[in-house]
Amino acid sequence: MTRKVGIIGMGNVGAAAAHYIVASGFADELVLIDKNEAKVKADALDFEDAMANLLHHTEITVNDYAALADADVVISALGNIKLQDNAGDDRFAELPFTRVEVRAVAEKIKASGFHGKLVVITNPVDVITSIYQEVTGLPKNHVIGTGTLLDSARMKRAVASRLGLDPRSVTGYNLGEHGNSQFTAWSTVRVLGKPVTEIAAARGLDLAELDHEAKVGGHTVFRGKKYTNYGVSTSAVKLAVAIMSNSLTEMPVSNFREEYGIYLSYPAVVGNDGVVEQLQLDLTPEELEKLQASADFIKQKYAESKEALQ
């Protein structure tokens, strides 16, 4: 069966996602869309130049929304990262731009007849995922944001680095908004066969410091090179591959939670029907309070976004 992926927005993030897909052979067909026609055509040619030295072949189509009709997954990577330059580490700095652009793109996706799964990277991702679902009319479980899949990876990297381990040896979640109100749910984190709280007590780890490190990891990367791309693009491709391969992988992604009435990050099982099962964690009262506060913040920003466009 042919695997087909579309990527909308070929900036630093979209290009990194496309390269990962092409180099790894994750798709048989790839549709690249960007307003900058010269850039997206150059990327396509660059990938085609790479084909002779790759193990896999990928057919590439450029700037054709109609080609998305039979795509398995479309990844939204559009944005304007320069708006964060003087924003004080606030992902909502992009919202005045992205809420307008995304509505226009979502209408084009809908008009194409696309009926696959939509993976959203575009920031602020929880609000933007909500907008995509609203405009496209796709089922809520078919529209998924990368959310704290990246923040959780940053947490695992921070914990593992203190313990001299591979980050894949750490399990657990960061929850809520992919932004400043997200938090590490330490009650879910395990390493070396034990709850991380036990390991922290025995080895003198400062969990508050590690939580902060996970939260500001993106800001640290941004300040160094004025964008982030590898971590988040890898998260998006992992999500896309889980959908196409029906791997039924459990991961913390931005999905619609009825009890909060909004998209936010909470672990879910992902397969070819998008979110196929939502987990129910045994969180502490403090963690539940933080999650509610994060949900309230996202809902407020989503409401403000809708008002601004009326």
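A residue is called buried when its relative accessible area is under 20%, exposed when over 50%, and partly exposed in between, using a 1.4 Å probe and protein chains only. The model is predicted: local features need pLDDT of at least 70, side-chain atom pairs count only at pLDDT 80 or more, and totals for chains, interfaces and linings use all residues. Residues are numbered from 1 along each chain as its sequence is written, and side-chain values use heavy atoms, with hydrogens and water left out.

**Single residues**

At 0% relative accessibility, S294 is buried. S294 belongs to helix α9; helices (H or I, at least four residues) and strands (E, at least two) are DSSP runs numbered from the N terminus. Contact means heavy atoms within 4.5 Å. Apart from neighbours within four places in sequence, S294 has contacts with G176, E177, S181 and Q182.

Y20 sits in helix α1, residues 12-24. With a relative accessible area of 32%, Y20 is partly exposed. Residues up to four places away in sequence aside, Y20 touches F26, T234 and V237. From Y20 to E286 the separation is 266 residues in sequence and 38 Å in space, C-alpha to C-alpha.

**Nonpolar cores**

A nonpolar core is a set of buried Ala, Val, Leu, Ile, Met, Phe, Trp, Tyr and Cys residues joined through side-chain atoms within 4.5 Å. The largest one has 44 residues, and I8, I109, L118 and Y132 have the most contacts inside it. Two or more residues each come from β2 (29-33), α3 (95-112), β5 (117-120), α4 (125-136), β7 (171-175), β8 (183-191), β11 (262-271) and α9 (285-308). The largest share of this core, six residues, is from α4. Beyond four places in sequence, the contacts of I8 include I33, Y65, L68, V105 and I109. A second, separate core holds 38 residues, among them A18, I75, I121 and M251.

**Packing of α3 and α4**

Axes are lines fitted to C-alpha atoms, for helices over the stretch in contact, and angles run from 0 to 180 degrees between N-to-C directions. α3 and α4 pack at about 30 degrees, with axes 9 Å apart. Angles under 35 degrees count as roughly parallel, over 145 as roughly antiparallel, 65 to 115 as roughly perpendicular and the rest as oblique; α3 and α4 are therefore roughly parallel to each other. On the α3 side the contact residues include L95, V102, V105 and I109, and on the α4 side they include V127, I131 and Y132. The residues of this contact comprise 10 nonpolar, two polar and five charged, where Ala, Val, Leu, Ile, Met, Phe, Trp, Tyr, Cys and Pro count as nonpolar, Asp, Glu, Lys and Arg as charged, and the others, Gly among them, as polar.

**Backbone exceptions**

Most residues other than glycine have a negative phi, and most peptide bonds are trans.

The peptide bond from N123 to P124 is cis, with omega near -10 degrees. P124 is in the loop between β5 and α4.
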